Amino acid sequence: MAATVRAAGLIIFRRFQGKPEYLLMQTSYGQHHWTPPKGHVDPGESDKVTALRETEEEAGLTAAHFKMIEDFKKVLKYNVKGRLKTVVYWLAELVDRNVAVKLSKEHQRYEWLEIDKACDIAKYVEMQEALRDADNFIKCNL
């Protein structure tokens, strides 16, 4: 089997009328799927550094814009084009709910969505489970 692909990202949420809304971005390539900001881990880079870098590159959000929730980490494993892909996500809360998202060329749209709508457009089961796990964590711990 070919080498494993590793990626990392952040499940970013903001609170609106007491409920969490999740940032999902639609890719401008392939099947135009929706995911939180994430990307490939560069050689010598840690997963967490990758998650922060990719979030800034893809959404224009820096570490100053959100609070990392260190107690939540989700690892997804699935096959992409015959290769095993591992994606590590952390949870982060947007500090200022009005900060603007600035998309890179990799994405064509973004939405802030409550959990049910987020799961509706995140078509992959692994992503839906990660979002629901994050939502349960927020409701029980934050």
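**View 1. The largest nonpolar core of the predicted model.** This core holds 23 residues. I11, Y22, L24, L91, M127 and L131 touch the most other members. Two or more residues come from each of strand 1, strand 2 (19–27), strand 5, strand 6, helix 2 (115–121) and helix 3. Helix 3 gives the most, with six residues.

**View 2. M127 and its contacts.** Residues up to four places away in sequence are not counted here. Beyond them, M127 touches I11, P36, L76, Y89 and A122. M127 and I11 are also among the core members that touch the most others.

**View 3. The largest pocket.** About 720 Å³ of space lies in this pocket. Its lining counts 28 residues. H33, K38, Y78, V80 and K85 are the closest of them to the pocket centre.

**View 4. Elements around the largest pocket.** Among the strands, strand 1 (5–16), strand 3 (34–35), strand 4 (38–40), strand 5 (66–80) and strand 6 (83–94) each supply at least two lining residues. Strand 5 gives the most, with four residues.

**View 5. Residue classes in the pocket lining.** Eleven lining residues are nonpolar. Nine are polar and eight are charged.

Conventions: Residues are numbered from 1 along each chain as its sequence is written. This is a predicted model: local features need pLDDT of at least 70, side-chain atom pairs count only at pLDDT 80 or more; totals for chains, interfaces and linings use all residues. Side-chain values use heavy atoms; hydrogens and water are left out. On a 1 Å grid over the protein atoms alone, a cavity is a set of points where a 1.4 Å probe fits but cannot get out, and a pocket is an open set with protein on both sides within 12 Å along at least five of seven lines; lining residues have an atom within 4 Å of a point. Grid points are joined across faces, edges and corners, and a volume is the space filled by probe spheres set on the points. Ala, Val, Leu, Ile, Met, Phe, Trp, Tyr, Cys and Pro count as nonpolar, Asp, Glu, Lys and Arg as charged, and the others, Gly among them, as polar. A nonpolar core is a set of buried Ala, Val, Leu, Ile, Met, Phe, Trp, Tyr and Cys residues joined through side-chain atoms within 4.5 Å. Buried means under 20% relative accessible area, exposed over 50%, partly exposed in between (1.4 Å probe, protein chains only). Contact means heavy atoms within 4.5 Å.
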